[in-house]
Amino acid sequence: MKKYTLDWNTYTELARTAVAEGAVLLKNDKETLPIAPGATVAVFGRSQFNYYKSGTGSGGMVNVSYVTSPLDALKECADLQVNESLLKVYEEWVEKNPFDKGEGWAGEPWSQVEMAVTDSLVEEAASASDVALILIGRTAGEDRDNTADPGSYLLTDIEEELIKKVTKAFAKTVVILNVGNIIDMKWATDYSPSAILYSWQGGMEGGSGLVDVLTGKITPSGKLPDTIARSIDAYPSTKNFGDADKGIYQEDIYVGYRYFETFAKGQVLYPFGFGLSYTDFAHEVVKAAEDGGVITLEVAVRNAGKRSGKEVVQVYVEKPQGALGNPARALVAFEKTMLLEAGERETLVFKIPVTEFASYDDSGATGHKSSYVLEVGTYRLHVGTDVRSASPAFDYTVDALRVIETLSENMAPVEPFARMKATLGEEGYELAYEDVPLRTIDVKERCANELPADRAYTGDRGFRLADVHHGKVELDVFLDQLTDEDLACIVRGQGMNSPRVTPGTAGAFGGVSDDLEAWGIPAACCADGPSGIRMDIGTKAFSLPNGTLLASTFNLSLMEDLFEMTGLELRKNRVDTLLGPGMNIHRNPLNGRNFEYFSEDPHLTGRMAIAQLRGMHRVGVTGTLKHFSANNQEFHRHDIDSVVSERALREIYLKGFEMAVKEGEARSIMTTYGAVNGVWTAGLYDQNTRILRGEWGFDGIVMTDWWAKINREGEAANKYDTASMVRSQNDLYMVISQPDANPFEDNTIASLAEGELTRAELLRSAANICRFILQAPVMERTLGLHDGAVEVIGQGEASEEDLDFDVAYQHVDDGGSISLRDVDTSTGSTHVFAISIDQPGMYEVTVTARSHAGELAQMPVTLFANNTPSATFTFNGSGGELVTQSAQVFFLNQHNYLSLFFALGGLEVEDMTFKLSDSFHMKNV
Ligand code: BGC
């Protein structure tokens with residue numbers, strides 16, 4: 001039996017290194033950084049305490065045993081002194097102005113009130129310190145985008161005043177951005193701080209990695225994964241962002257630097273790929289040649305400075321304009337050096353197939369519609385350390401048009417609009433517009449002609465899934481035994497908090513009913529993702545740096561090593577697939593979930609995802625690529641329709657997914673809440689079958705996002721059209737509390753009867769699901785090949801905490817109660833328990849308790865439902881009398897984890913009753 005060991009120290013070290021390597025140094029005048037040993041630092045900004053480890057929503061809900069804040073790390077650093085009198089002022093202020101958590105889901109403010117500083121405070125600090133650090137914090141996340149307002153994308157007046165006063169009083173000021181996403185940077189020009197560092201959101205090791213950079217223990221080597229423009233209005237997508245129904249992708253393929261480098265160079269403050277170091281690097285292309293359609297570039301990098309460091313060499317292609325038009329630059333390769341000591345050299349070798357330069361013709365302008373082509377002309381490779389400064393290194397000439405790959409029209413828009421196009425004029429690139437090519441195919445008819453062949457139902461022939469594993473029987477033969485009801489059930493995922501899998505996780509799939517389990521199909525487990533494992537029962541997990549930070553490292557081997565650790569942690573927690581990496585393109589800086597995603601560039605996105613998958617695959621678990629595709633806005637995410645050309649989809653929005661499927665061997669994908677060109681992606685056949693499986697060869701599972709909608713073209717979307725979902729080969733509807741009871745009244749069975757869906761299509765999805773499960777750790781455990789145990793060594797609570805996989809649910813009827821008589825209610829204690837209810841909905845929850853304290857005593861008890869603070873019952877002393885406190889609490893699930901936190905001891909709790917006040921019909925939502 002294979003033995004798995006997770007070394008928590010290695011995990012911590014890798015994450016800390018990633019934080020340091022992901023920090024992007026934008027400016028470093030007057031040798032401000034690194035801070036010399038022995039220096040005193042004056043730290044401004046409340047993020048020194050209230051560090052944002054990640055953004056909000058499902059991607060941020062990792063329960064941690066600690067988060068190292070910047071202040072914690074500075075205090076631990078023996079080489080630096082923190083200006084204590086300034087710290088005291090902040091401590092007192094923070095105590096009076098506590099961190100505002102906001103209320104509920106997507107209810108957190110995107111920034112916190114900051115302390116206004118006086119001139120005298122700043123001057124006093126300056127007289128007693130060598131350098132000032134100003135921390136600016138921002139969060140954002142699921143269900144709520146950033147706004148171009150102070151406190152979100154812009155600085156607040158207080159923050160601006162802070163930067164103004166501190167930069168005036170201190171010769172050396174470092175502005176550190178603890179943000180999920182790029183923010184407006186006008187202040188950098190206005191107040192000119194001597195150093196600026198984007199340190200993003202670094203997870204639980206965030207403060208430590210940051211201080212490693214500040215002290216020079218690690219030389220920064222992070223590079224911008226996004227262009228920082230002069231204003232939000234400079235981004236070409238801004239004017240089409242934030243609509244409730246429709247997002248028109250007028251900018252087409254001109255996203256991020258593809259737009260700026262072509263049409264608006266002057267609008268860029270910091271270019272894509274840019275990031276400074278504490279040392280100097282020189283690079284030189286020592287070989288450039290083409291052979292058999294592969295260009296080899298050898299780039300010698302020399303550390304010409306005085307400190308050790310790493311450098312990232314980036315290769316961009318400048319294509320001829322041809323009939324299609326192309327951006328001035330597109331990233332086609334990058335490599336990061338190893339750690340180079342002063343004077344040391346490394347030669348990076350790039351092998352770039354010229355097929356990588358192909359553009360997709362969605363109009364037929366080249367005479368080859370629906371093909372990737374190389375148009376005639378010179379393909380110039382630029383090599384450098386950011387997109388702007390990269391210089392010509394090699395020309396590859398195409399003499400006659402070459403068709404690289406002939407595909408077919410898929411996902412094309414139906415709604416006319418004008419899209420951007422580049423043309424080459426006398427003065428260089430010019431911005432033009434052209435009509436977007438519209439769909440010419442009858443997709444419904446095409447899909448009907450491609451249905452899988454019927455197969456006969458055989459009834460039970462005695463085969464179980466293990467027999468497929470042992471090679472005794474083909475998967476199809478095994479599945480032919482399942483009834484229609486079994487098949488209708490297997491396409492339903494169970495959650496959240498399925499009692500069949502790891503407590504507190506997002507979902508189970510496969511053996512989600514007793515009947516399916518009887519076929520030997522186990523229930524596989526998925527958990528959010530992407531920046532650590534979310535377990536709502538409160539189980540602690542490792543909180544990773546956010547996606548944008550990881551992309552900024554440009555370090556693929558680090559990514560593989562880090563995600564091998566995450567893979568082991570997934571195994572330890574019996575999770576088969578992480579719900580990540582998040583792969584959507586940073587189309588606009590205001591997207592609330594950008595922090596989960598990597599970059600504005602598809603190549604960087606794809607390579608990062610491949611590396612993360614490879615890391616997890618080393619230990620037999622995997623990740624779920626999400627959200628497929630064009631999930632670029634949180635506002636109205638269930639209903640927004642992305643209106644976008646087929647070319648932009650293929651070259652920008654699908655590209656990273658394509659790379660992760662083809663090279664990263666992805667086995668699981670999540671679709672989006674919204675629609676692309678009028679069809680909700682959970683039922684988008686062109687995407688989920690024709691492109692993903694037909695063109696890319698994917699044979700894994702596709703799952704919906706949680707409680708997603710599905711539609712038929714031209715019709716309204718709903719949550720029960722599983723027939724359209726299965727037809728598209730989105731295999732799993734996520735999630736339902738009791739799959740065999742069909743609480744959403746989905747239309748799978750009815751559609752079989754009506755001829756709207758075939759059994760063969762259901763079998764096809766069942767095969768996708770079982771194929772996934774056959775390769776997953778849950779199957780190893782079911783077969784007894786591995787007991788699932790992962791030995792955890794090293795420091796940290798993870799090694800001590802043993803997960804209880806068998807939480808007992810107490811069933812409560814409407815109006816029923818559970819006893820809490822023996823619960824420890826002393827100060828700071830927590831009581832965790834689990835309940836199952838018949839009907840999700842709003843409940844009146846009543847706690848009965850007594851206290852012998854006087855009537856002015858306050859004893860708050862907070863109820864967390866599935867780890868979300870849901871109600872606080874504040875009891876006063878009752879002189880020993882039993883009293884009740886009630887609150888309305890919403891239970892979305894049938895299975896729920898609850899915990900009670902006793903902020904102050906002195907209560908004797910009797911029981912808790914649950915009365916349904918308003919039931920919740922998912923189908924009608
Ligand atoms: C998010 C997904 C997430 C899922 C499960 C949804 O709200 O969009 O990214 O994986 O919830 O938590």
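Where is the place of Phe554? Phe554 sits in the loop between α14 and α15 (556-572).

## Basis of the model

The model is predicted; local features need pLDDT of at least 70, side-chain atom pairs count only at pLDDT 80 or more, and totals for chains, interfaces and linings use all residues. Residues are numbered from 1 along each chain as its sequence is written, and side-chain values use heavy atoms, with hydrogens and water left out.

## Backbone geometry

Phe554 has a phi near 50°. That is a positive value in a residue other than glycine.

Two cis peptide bonds involve Gly529. The bond from Asp528 to Gly529 is cis, with omega near -15°. The bond joining Gly529 and Pro530 is also cis, with omega about -5°. Gly529 belongs to the loop between β25 (523-528) and α14 (547-553). Pro530 lies in the loop between β25 and α14.

## Overall form

The chain has 23 helices and 43 strands. These are DSSP runs numbered from the N terminus: helices are H or I with at least four residues, strands are E with at least two. The radius of gyration is 28 Å, close to the 29 Å that the globule rule gives for 925 residues, so the chain is as compact as a globular protein of that length. The radius is taken over C-alpha atoms, and the rule is 2.2 Å times the number of residues to the power 0.38. Along its principal axes, the C-alpha trace spans about 80 × 75 × 55 Å.

For Arg593, a side-chain N or O atom is 2.7 Å from an oxygen of the ligand. For Asp705, a polar side-chain atom lies 2.6 Å from a ligand oxygen. The ligand alone exposes 310 Å², and the protein buries 97% of that (Shrake-Rupley method, 1.4 Å probe).

## Cavities

The structure holds ten cavities of 30 Å³ or more. A cavity is a set of points, on a 1 Å grid over the protein atoms alone, where a 1.4 Å probe fits but cannot get out; lining residues have an atom within 4 Å of a point. Volumes are the space filled by probe spheres set on the points, which are joined across faces, edges and corners.

The largest cavity holds about 110 Å³. Its lining has 16 residues, with Ala630, Asn632, Gln633, Ile640 and Ser642 nearest the centre. Six are nonpolar, eight polar and two charged. The second largest cavity has about 100 Å³. Of its 15 lining residues, Arg138, Ala140, Asn146, Gly180 and Asn181 are closest to the centre. Seven are nonpolar, seven polar and one charged.

## The second largest pocket

This pocket has a volume of about 730 Å³. A pocket is an open set with protein on both sides within 12 Å along at least five of seven lines. It has 29 lining residues, and Thr355, Glu356, His603, Lys655 and Met659 lie closest to its centre.

β14 (330-336), β15 (345-353), β20 (402-406), α16 (602-617) and α18 (655-662) each supply at least two lining residues. The lining divides into 15 nonpolar, two polar and twelve charged residues.

How values were computed
A polar contact is a pair of N or O atoms within 3.5 Å; within protein, one must be able to donate a hydrogen and the other to accept it, and residues adjacent in sequence count only if both atoms are side-chain atoms. Ala, Val, Leu, Ile, Met, Phe, Trp, Tyr, Cys and Pro count as nonpolar, Asp, Glu, Lys and Arg as charged, and the others, Gly among them, as polar.
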